[in-house]
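Below is a short report on a single protein chain.

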Amino acid sequence: MNKLIRRTATALAVATLTTGALAATAQAAPADGDPALTDVYIWATDVQLREDTNTSSNVLAVRSQHWLDAVCQKQGQTVTDPGVGTNNWWTAVQEFAGSDIAWVSNLYLQGGEKIEGVPDC
């Protein structure tokens with residue numbers, strides 16, 4: 001009986017660790033980004049990447065649940081989204097090293113109001 005309990009406990013522990021590892025890799029950053037830049041993750045859908053740090057600037061791209069390279073961050077227009085919150089920090093991002101810069105509100109990036117590891121502009 002004790003052997004059966006130990007085996008069941010071991011199997012459950014392995015299953016839990018495996019599930020945790022799979023969940024952790026589900027949002028793993030892509031390996032093809034610039035290693036000198038911090039990777040940031042857009043957690044929301046249909047997020048507009050803009051020409052500047054305000055919602056009246058041109059939309060350059062729209063991304064959903066997508067990894068980008070963060071160049072730097074600075075304060076800009078305050079963005080409020082009901083159910084999500086309010087934030088005035090924006091991050092300059094690139095799709096890959098050397099690509100055009102676009103701005104995304106930190107409200108839609110994992111990491112909080114000001115993202116650790118991303119320098120100020």
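Among the contacts in the chain with a separation of 6 or more, what percentage do residues 24 or more positions apart account for? The share is 50%. The model is a predicted one.

The chain has 1 helix and 6 strands, in the order α-β-β-β-β-β-β from the N terminus. Of its 121 residues, 29% are buried. The exposed surface comes to about 7,400 Å², and carbon and sulfur atoms supply 54% of that area.

The largest nonpolar core holds 21 residues, and Val40, Leu49 and Val93 touch the most other members. Two or more residues each come from β1, β2, β4, β5 and β6. Strand β4 gives the largest share, 4 residues. Beyond its neighbours within four places in sequence, valine 93 contacts Val40, Leu49, Leu68, Asp69, Ala70, Asp100, Ile101, Ala102 and Val104.

| Strand | Residues |
|---|---|
| β1 | residues 38-42 |
| β2 | residues 47-50 |
| β4 | residues 66-81 |
| β5 | residues 85-94 |
| β6 | residues 102-105 |

The structure contains 1 disulfide. The bond runs between cysteine 72 and cysteine 121, with an S to S distance of 1.8 Å. Cysteine 72 lies in strand β4 and cysteine 121 in the segment after β6, so the pair, 49 residues apart, links distant parts of the chain. The link of cysteine 72 and cysteine 121 is right-handed, with 90° about the S-S bond. Cysteine 72 has a relative accessible area of 13% and is therefore buried, the cut-off being under 20%.

Note on methods. Residues numbered from 1 in each chain as written. Predicted model: local features only at pLDDT ≥ 70, side-chain atom pairs only at ≥ 80, totals over all residues. Heavy atoms only, no water. Disulfide = S-S within 2.5 Å. Buried < 20%, exposed > 50% of the residue type's maximum accessible area, 1.4 Å probe, protein only. Core = buried A, V, L, I, M, F, W, Y, C linked by side-chain atoms within 4.5 Å. Contact = heavy atoms within 4.5 Å. Areas by Shrake-Rupley, 256 points an atom, 1.4 Å probe, with all protein chains shown as cover.
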